[in-house]
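Colleague: I have a structure open that is new to me, and I would like to learn how to read its features one at a time. Could you take me through it slowly?

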Amino acid sequence: MTSLSGFTVQIDQNPYLPVGGRDVSAVVTVTADAEATGGAPPAQDSADGSAEIIIVDCSGSMDFPPEKILAARAATSAAVDVIRDGARFAIVAGTSTAWPVYPTDGSMAVADARTRTEAKRAVAGLRSNGGTAIGQWLRLAHRIFQSHPATLRHAILLTDGKNQHETPEELAAAIGLCEGSFRCDCRGIGTDWVVDELRKISTALLGTVDIVPDPAGLAADFEEMMRGAMSKQLPDVMLRVWTPQQAIVKFVKQVAPAIDDLTGRRSQTGPLAGGPQVGEYPTGAWAPGESRDYHVGVQVNVGAVGQEMLAARVSLVASSPSGQQILGQGLIRATWTEDEALSTRINPGVAHYTGQAELAAAIQDGLEASKQGDEETATAQLGRAVALAHAAGNEDTAKLLAKVVDVVDEATGTVRLKRKVSTADEMALDTRSAKTVRVKKE
Amino acid sequence: MTNPCPACGEPIGPDDGFCEACGAELAPAAVSSGAADGALECPLCAAAGRPPAGVSPEGYCEFCGRKVPSGRDREELNVGPAAGVTDRGLRHARNEDAMALAATRVSGQPVALAVVCDGVSSSPRPDEASLSAVRAAAGSLLSAVRAGDDPAAASAAAVQAAATAVGALASPAGAPAATYASAVVDGTGVTVCWLGDSRVYWLSADLSSSRRLTTDDSLVEELVAAGRATVEEAMASPQAHVITRWLGADLPEPEPHVARFEPPDQGVVLLCSDGLWNYQPAATELAAMALPAALTDPLAAAAALVKFAVDAGGADNITTVLMPFPLAWPETSPRSER
C-alpha cells in the first residue's frame with residue numbers, strides 16, 4: 001500500500017506463480033484522498049474549472065406521451081439548480097439537428113442566480129418536433145465546450161428514441177471527436193431507445209448509462225447526476241501501467257462500481273509515456289474520497305524458481321498545465337515457487353471480479369439470445385447469471401434478473417423464462433448488468 | 001603491532017579500541033548490512049549486454065522487472081580471527097539472515113566475537129529484525145568485552161540490546177522476530193548465548209570430539225527431550241521449524257541460554273543458521289567438512305560450508321561463521337572482504 005499526494009493504491013493478488021507460470025493478475029483498489037488533492041481548495045475555485053452541458057432530446061416522440069417532454073423540462077431545471085455558483089454551463093436541444101437553448105449564442109454562462117433563472121425560463125419554452133441525430137447533438141456540445149478552457153467538462157444526454165436521422169458511422173465519428181474532450185452520462189427515457197447506442201457513447205465518454213422508465217423519476221436522477229459531476233475535482237486522471245520488457249498487458253478493466261473494459265483504450269503516445277513498457281488508460285474525473293477497483297492482467301516472461309519480478313507498476317497520473325504528476329502507485333509482483341500450496345491459492349478479490357465479469361457477460365448473452373428467440377441459450381445464460389449473482393451477493397442484479405426469469409433455485413441457477421417480460425425491465429437489466437458489488441471485507 | 005590509525009595516521013597501541021588522537025573506532029564490528037554496494041545494476045540484463053536501465057526504489061530492474069539482488073543476498077565478512085558467509089540460498093526471495101563479527105585485543109589477548117540472527121519468516125520484515133539484532137548485539141558485546149566485562153554477563157546484556165532493537169521495529173502490523181546466537185572466543189574458551197534454533201558447534205581437530213554447544217528452542221527438541229518422538233519423526237512433522245523462544249516484541253523478556261565451553265584441544269567454533277544444519281546436523285560431519293582448512297583460512301572454509309548447503313538444495317538462507325581456537329590473527333588482517 002502506497003499513498004502519495006492524492007491517491008491510495010492497494011494491490012490484492014496472489015504473487016506466487018507455479019514453475020513456468022506466466023499469468024499474473026491483481027485487483028487494484030484506487031481511492032482518492034478525502035481532501036481536495038494537490039492542495040487545490042474546493043468549492044469556488046474549482047467550480048471555475050467545471051463546465052456542464054445538458055443535452056435534451058426535443059424530437060417529436062417526446063410528446064408521446066407529453067409527460068416525457070414535461071419531465072425533461074422539469075429535470076433540466078432541477079439539474080440547473082444544482083450547478084454551483086461560478087461553474088460554466090449551457091443547455092442544448094437536439095432533433096435531427098441541434099441548437100443552443102441557453103445561452104443562445106453558443107457560449108457558456110457563468111452560474112449564478114440570474115443565469116439560472118434565465119436558463120430555466122428558456123427550458124420552459126422547449127417544444128418537441130423533429131427527428132433524432134445524436135451525433136449532431138454531441139458535435140454542438142463539443143463546440144460549446146471548446147469556447148471555455150474548463151478542465152472538468154461533463155454533459156448529461158437525454159433521449160427517448162433511436163438514432164434514426166444519421167448513420168451509425170456518423171454517430172461513431174462524432175463520439176470519436178468528443179472522446180477525451182468531455183465526459184457524458186446518458187439517460188434513456190421510455191423504452192424506444194437503443195441500449196447499445198447509448199452504451200457506446202457513455203463508454204467512450206467515461207460516463208454512465210441507465211434507463212428512466214418512468215418520467216416522474218427523471219428530475220431526481222438529473223439532480224443526482226449533476227451533484228455527482230459537481231463533486232468531481234480532479235480531471236483527466238490516467239491509470240498508467242508499467243510492465244517489464246516483453247510482458248503483455250492482457251487486460252485492464254474497471255470492475256467496481258461497474259465493469260468497464262479499458263484494455264483497448266491504451267495510449268502510448270502521452271508526453272511521458274516512455275515507449276512500449278508504459279501504457280495509459282483514461283479514468284476520467286475523480287471526486288474526493290471516491291474509490292474504484294480495477295482488474296489488471298499481465299503476461300510476463302517466465303522466471304526461475306525463487307526469482308521475484310515486478311510484473312506491473314500501476315500509477316495514477318494527473319495532467320495539468322504544469323505537466324504530469326504521479327498521485328499514487330502500487331506494485332503487482334510475481335514470484336516463482338515450487339510450493340503448489342502457494343501458487344494455487346486463489347485470491348478472493350480476483351475470483352470475485354472474474355465472477356462479476358462473467359455475470360455481466362451471461363446477462364448480455366442471455367438477453368441477446370432471448371431477442372433472437374433462442375430460448376434454450378437464454379435460459380442457460382440467465383440461469384447462470386442468477387447463480388453468479390447469488391454467489392457474489394449482488395442483490396440489485398438478482399432483483400433485476402427476477403423480473404425477467406422465474407427463479408426455481410438461485411444456488412444452482414435453475415430458472416424458467418417469464419412468458420411476459422416488460423421491455424423496461426429487460427432494458428433495465430441490460431443497462432445495469434455491468435454494475436458490480438465489491439468483495440466483502442471482514 | 002603499532003599500526004597507524006587509519007583515520008588520522010597517529011600511532012595506536014595494540015589494545016586500543018579507539019584512536020587516542022582522533023577517537024575513531026579502530027575495529028568496529030563488521031555487519032552483513034548489504035550497504036557496501038555502489039549503484040545496483042541488473043545482473044541478468046548486464047549479462048545479456050543491455051545498457052543499464054536503472055533500478056526502481058523498490059529494487060526492481062526498470063527493463064526486465066526482475067528483483068535485483070541486494071547486497072545482502074550474499075555477503076562475506078573477514079575480521080582476521082573470525083570470518084563468515086551469508087547467502088540467500090536458492091528458494092527464498094531475500095536473505096533474512098544477518099551476521100556481525102568483531103575482533104579486538106584485551107590486555108594483549110585476542111578476543112573474537114560473532115552474532116548470527118535468522119529473521120522469522122512468518123513475522124513482518126524479518127530481514128530488518130535480523131539486521132537490527134546483530135548490529136545492536138555486536139556493538140554491545142564489543143564494548144563490554146573491551147571494558148573487560150565477564151563474557152557471560154556481556155552476552156546476556158547483548159541479547160537485551162538486540163531485543164530492544166528488534167522490539168522497536170514492532171508496529172500495529174505486527175512484531176518482527178529473529179533467532180539469536182552469539183559466541184565470544186577468548187584465550188581460554190568460548191562463551192555461547194542463544195535463543196531459537198540458530199546453533200553454535202565446536203568442531204575439533206580430533207573430529208570425534210566435536211559437539212554441538214547449543215540446544216534449540218524448538219518444538220522438535222522439546223518433543224525429543226520429552227521422549228515423545230525420535231529426531232527423525234519430529235523433523236518430518238510440519239512443526240519441525242517452530243521455535244519456542246525468539247527476539248521480538250511479542251516475547252517481551254526473552255530468557256537467553258548462556259554456556260561456557262573450554263576446548264581441550266585445537267579446533268574451530270562454528271555459528272550457523274538452520275539453512276546449514278538442516279542439511280547436516282552432525283558435529284562430526286560438519287567438522288570433517290570444515291577442517292583442517294578452517295584453522296588457517298576460516299573465510300574459505302565458511303564459504304565451503306555455504307556451498308555445501310546450496311548444493312544440497314539451498315531451501316533456506318544460509319549463514320556460517322568460523323572462529324579458530326586458539327585464535328589466530330594474521331599479520332595483515334583484512335577487515336572485510338567481498
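This is a predicted model: local features need pLDDT of at least 70, side-chain atom pairs count only at pLDDT 80 or more; totals for chains, interfaces and linings use all residues.

Colleague: Is Q246(A) buried or exposed, and what is its phi?

Modeller: Buried means under 20% relative accessible area, exposed means over 50%, and partly exposed is in between, with a 1.4 Å probe and protein chains only. Q246(A) counts as exposed because its relative accessibility is 56%, and its phi is near 75°, a positive value in a residue other than glycine. L206(A) also has a positive phi, near 55°, and is likewise not a glycine; L206(A) sits in the loop between α6 (195–204) and β11 (209–212) of chain A and, at 24% relative accessibility, counts as partly exposed.

Colleague: Which residues does T115(A) touch, and is T115(A) buried or exposed?

Modeller: Contact means heavy atoms within 4.5 Å. Leaving aside residues up to four places away in sequence, T115(A) touches F89(A), Y102(A), A109(A) and V110(A). T115(A) belongs to helix α3 (residues 113–124) of chain A, and T115(A) counts as buried because its relative accessible area is 4%. For another case, take S422(A), in the loop between β20 (414–417) and α12 (423–432) of chain A, which is partly exposed at 34% relative accessibility; the C-alpha atoms of S422(A) and V404(A), 18 residues apart along the chain, are separated by 8.1 Å.

Colleague: How should I read each chain as a whole, and how many helices and strands does chain A have?

Modeller: Chain A has 12 helices and 20 strands, and 54% of its 442 residues are buried. Of the contacts in chain A with a separation of 6 or more, 74% are between residues 24 or more positions apart. Chain B has 9 helices and 14 strands, with buried residues making up 49% of its 338 residues.

Colleague: How many residues does each chain bring to the contact between them, and what area do they bury?

Modeller: Buried area is the accessible area (1.4 Å probe) that two parts lose on being put together, summed over both. The contact takes 16 residues from chain B and 16 residues from chain A, and together the chains bury about 1300 Å², with 46% of that on carbon and sulfur atoms. Y60(B), F63(B) and R66(B) supply 37% of the area that chain B buries against chain A, more than any other three residues.

Colleague: What is the volume of the largest pocket, and what is that of the largest cavity?

Modeller: On a 1 Å grid over the protein atoms alone, a cavity is a set of points where a 1.4 Å probe fits but cannot get out, and a pocket is an open set with protein on both sides within 12 Å along at least five of seven lines, while lining residues have an atom within 4 Å of a point. Grid points are joined across faces, edges and corners, and a volume is the space filled by probe spheres set on the points. The largest pocket has a volume of about 1200 Å³, and of the 42 residues lining it, the closest to its centre are G207(A), T208(A), V209(A), Q254(A) and A258(A). Helix α7 (residues 218–231) of chain A gives the most to this lining, with 6 residues. The largest cavity has a volume of about 60 Å³, and its lining includes C42(B), C45(B), C61(B) and F63(B).

Terms used:
Residues are numbered from 1 along each chain as its sequence is written. Chains are lettered from A and ligands numbered from 1 in the order in which they are written. Side-chain values use heavy atoms; hydrogens and water are left out. Helices (H or I, at least four residues) and strands (E, at least two) are DSSP runs, numbered from the N terminus.
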